[in-house]
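Subject: The structure for you to look at

Hi,

Here is the structure I promised to pass on. Have a look at it first, then read my notes below.

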Amino acid sequence: MNQLKLTVTLMALAIPAASHAQQTPRVSWGALATSNYIYRGVSYSDQKPALQGYVNVTDGFVYGEAWASTVDIDGDYGELDLSVGVTPEFGQLDVDISYTRFLYNRSGDCCGEIGLELGHPAGSVVDLGGAFYWDPESDATWTEAGIAGTVYDGFVLGGTIGSDFGSGDYGDDDQVAWDLGVSRGFLQGGTVDVRYYQSTNMSARAVLSVGFDF
């Protein structure tokens with residue numbers, strides 16, 4: 001469960017990506033080290049560092065992706081997310097429609113969700129985004145909104161806020177989670193991100209992440 005999925009989508013619009021030779025299909029991959037794997041306001045690494053990576057195969061507007069992370073949840077130490085999706089173009093509106101299945105080393109096939117993500121520029125330096133995720137098995141949902149923009153010399157400031165509106169496994173109250181941070185690209189395909197997280201079920205946490213995309 002990519003902890004920064006909507007935020008990274010917005011950041012990608014502002015941080016120049018590594019150049020790739022044109023090919024069909026195109027294969028991209030990346031790796032990331034983070035001081036804390038936080039997802040929707042919950043630490044999936046028990047407040048400890050985690051290593052993550054992905055492989056993405058894109059052919060036109062269709063893609064498949066495998067994303068993995070170390071975790072520390074009730075005996076599980078590894079997570080694998082398998083996704084398929086489409087990214088149709090509607091002018092300046094970026095659209096990503098996907099289905100993701102979540103797998104763990106001990107508890108196995110956990111669940112899956114359908115996702116709809118939208119991104120759109122709001123001026124020359126600011127991008128807005130929104131996302132809606134639905135698990136058809138449990139009928140749980142997660143709704144998110146985000147903003148990102150270049151503030152100075154390649155530094156990108158951005159954040160998200162999201163909620164399950166009482167539909168998830170967080171108790172009777174709504175789970176609300178938000179983050180705010182700054183990212184900057186470096187070298188060829190590298191990104192460093194410093195981010196502040198807080199939620200209704202977690203006190204404030206500062207997280208450092210460094211990753212490369214190829």
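Two terms to keep in mind here: strands pair if DSSP finds at least two bridges between them, while helices (H or I, at least four residues) and strands (E, at least two) are DSSP runs, numbered from the N terminus.

Before going on, a word on where this comes from. It is a predicted model, in which local features need pLDDT of at least 70 and side-chain atom pairs count only at pLDDT 80 or more, though totals for chains, interfaces and linings use all residues. Residues are numbered from 1 along each chain as its sequence is written, and side-chain values use heavy atoms, with hydrogens and water left out.

How far can you trust it? The pLDDT is the predictor's confidence in each residue, from 0 to 100. For this chain the average is 90, and 88% of the residues score at least 70. Residues 17-21 are a stretch to treat with care, with pLDDT below 50 and 7 contacts in the model beyond near neighbours in sequence (a contact means heavy atoms within 4.5 Å). Where pLDDT is low, the predicted coordinates should not be read in detail.

Now the overall picture. The chain has 1 helix and 15 strands. Of its 214 residues, 38% are buried (buried is under 20% relative accessible area, exposed is over 50%, and partly exposed is in between, using a 1.4 Å probe and protein chains only). The accessible surface comes to about 11100 Å², and carbon and sulfur atoms hold 62% of that (areas come from the Shrake-Rupley method with a 1.4 Å probe, and for residues only the protein chains shown count as cover). If you take the contacts between residues at least 6 apart in sequence, 42% join residues at least 24 apart.

Back to the strands. β6 (residues 76-86) also pairs with β5 (residues 62-73), again antiparallel, through 10 bridges. Ala 68 stands opposite Leu 80 in β6. The hairpin of β5 and β6 has 2 residues between the strands, and Asp 74 takes a positive phi near 45° there.

Further along, β10 (residues 126-135) and β11 (residues 140-152) run antiparallel and are joined by 10 bridges. Leu 128 has Ile 147 in β11 as its bridge partner. These two strands form a hairpin with 4 residues between them, and Asp 139 in the turn has a positive phi of about 65°. β11 then pairs with β12 (residues 155-163), antiparallel, through 9 bridges. Here Glu 144 stands opposite Gly 162 in β12. In the hairpin of β11 and β12 there are 2 residues between the strands, and Asp 153 has a positive phi near 50°.

For contrast, look at the loop between α1 (5-14) and β1 (26-34), where you will find Thr 24. Thr 24 has a relative accessible area of 64%, so it counts as exposed. Between the C-alpha atoms of Thr 24 and Thr 58, 34 residues apart along the chain, the separation is 7.6 Å.

Last, the rings. Rings of Phe, Tyr and Trp (its six-membered ring) pair if their centres lie within 6.5 Å; planes under 30 degrees apart count as stacked, over 60 as edge-to-face and the rest as tilted. By this rule there are 7 aromatic pairs. One of them is Tyr 37 with Tyr 44: the centres are 5.4 Å apart and the planes at 40°, so the pair is tilted. Both of these tyrosines, Tyr 37 and Tyr 44, are buried. Trp 178 and Tyr 196 have ring centres 5.3 Å apart and planes at 45°, so that pair is tilted. Trp 178 lies in β13 (residues 176-186) and Tyr 196 in β14 (residues 190-199), 18 residues apart.

Happy browsing!
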